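Please open the structure in the viewer and keep the selection tool at hand.

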Amino acid sequence: MATHQADAKALLDDRGYSGALIRGQNPALLFEKAVRDRITESYYWKEQCFGLNAATLCDRAAELTFVGGTYGGLGKPTPFLCLAFKLLQLVPEKEIILAYLNWPEDEERGEGEGEDDEGRAPGVKGDFKYLRALAAFYIRLAWEPVEIYQTLEPLLADYRKLKRRMRDGFTLTYMDQFVDDLLMKDRVCATSLWKLPPRTLLEDLDLLDPRESPLGDEVDQLDEDEDMENGGHRSEREESGEIEERSRRDSRSSADD
């Protein structure tokens, strides 16, 4: 039975590491060394992450109140980042990560809707939004490209607010923006993300179906309205030009007389 060490020496020792691999390498190496060192030296890691397994980590993640990487002049790691690193140590089964992502089912929730549900798209699952954000972050780090797109893109319909810890304070973001950053950016939460192949490339290889935006109809309508508006402007300009041309002709006729 594997033992948990507060300082994660077994995880960080490449020579003695015999656990699960992610894309052929030690999962800990997905974090930069400076970030790994700050995490394993932090109070939260030693006191709150010691002995966690997939079940107890879920409980700890449900207590999160913000996302983020490092903060302050010394680059102190957030609880969010520490738990993400713990997930890399555990490498849970994909079914467990999907349970984090969608826990609990909407059907299991009560009829009462709290203020936290404001902006949630119909059918979007996941009552603990920071647990969902943590699972999405781990998926971006550990899963394969096709699985990343297929699993994270539906979360772009989740518009709930998230508090984000920056180096010098807090800022407001949204779940869909956070997921979009995971899909589009190379660095999120003080972590360099491995290069994700463009979606268009995977579509060309027939690994992904073309994505249909839920706003597609609205965008088409806006395009039509814009075309009609531009057409109206062109008609006005043409009419104005004809008036100016008639005025010039009249002026020339008067001068000839």
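Begin by selecting helix α5 (residues 79–90) together with helix α7 (residues 129–142), which pack at an angle of about 50° with their axes 10 Å apart. That angle makes α5 oblique to α7, a term for angles that are not under 35 degrees (roughly parallel), over 145 (roughly antiparallel) or 65 to 115 (roughly perpendicular). To see the contact (heavy atoms within 4.5 Å), display Phe80, Leu81, Leu83, Ala84, Leu87 and Leu88 of α5 with Tyr130, Ala133, Leu134, Phe137, Tyr138 and Leu141 of α7. By class, this contact of α5 with α7 has 12 nonpolar residues, no polar and no charged ones.

This is a predicted model, in which local features need pLDDT of at least 70 and side-chain atom pairs count only at pLDDT 80 or more, while totals for chains, interfaces and linings use all residues. Residues are numbered from 1 along each chain as its sequence is written, and side-chain values use heavy atoms, with hydrogens and water left out.

Next, show the open sheet of 3 strands, ordered β1-β4-β5 with mixed pairing. Its edges are β1 (67–68) and β5 (169–174); each has a single partner strand, so one side of each is left without a neighbour in the sheet. β1 runs parallel to β4 (residues 161–166), and 2 bridges join them. Select Gly68 to find Arg165 of β4 opposite.

Finally, select Gln177 in helix α9 (residues 175–184). Gln177 has 37% relative accessibility and therefore counts as partly exposed, between buried (under 20%) and exposed (over 50%).

Definitions and conventions:
Axes are lines fitted to C-alpha atoms, for helices over the stretch in contact, and angles run from 0 to 180 degrees between N-to-C directions. Helices (H or I, at least four residues) and strands (E, at least two) are DSSP runs, numbered from the N terminus. Ala, Val, Leu, Ile, Met, Phe, Trp, Tyr, Cys and Pro count as nonpolar, Asp, Glu, Lys and Arg as charged, and the others, Gly among them, as polar. Buried means under 20% relative accessible area, exposed over 50%, partly exposed in between (1.4 Å probe, protein chains only). Two strands pair if DSSP finds at least two bridges between them.
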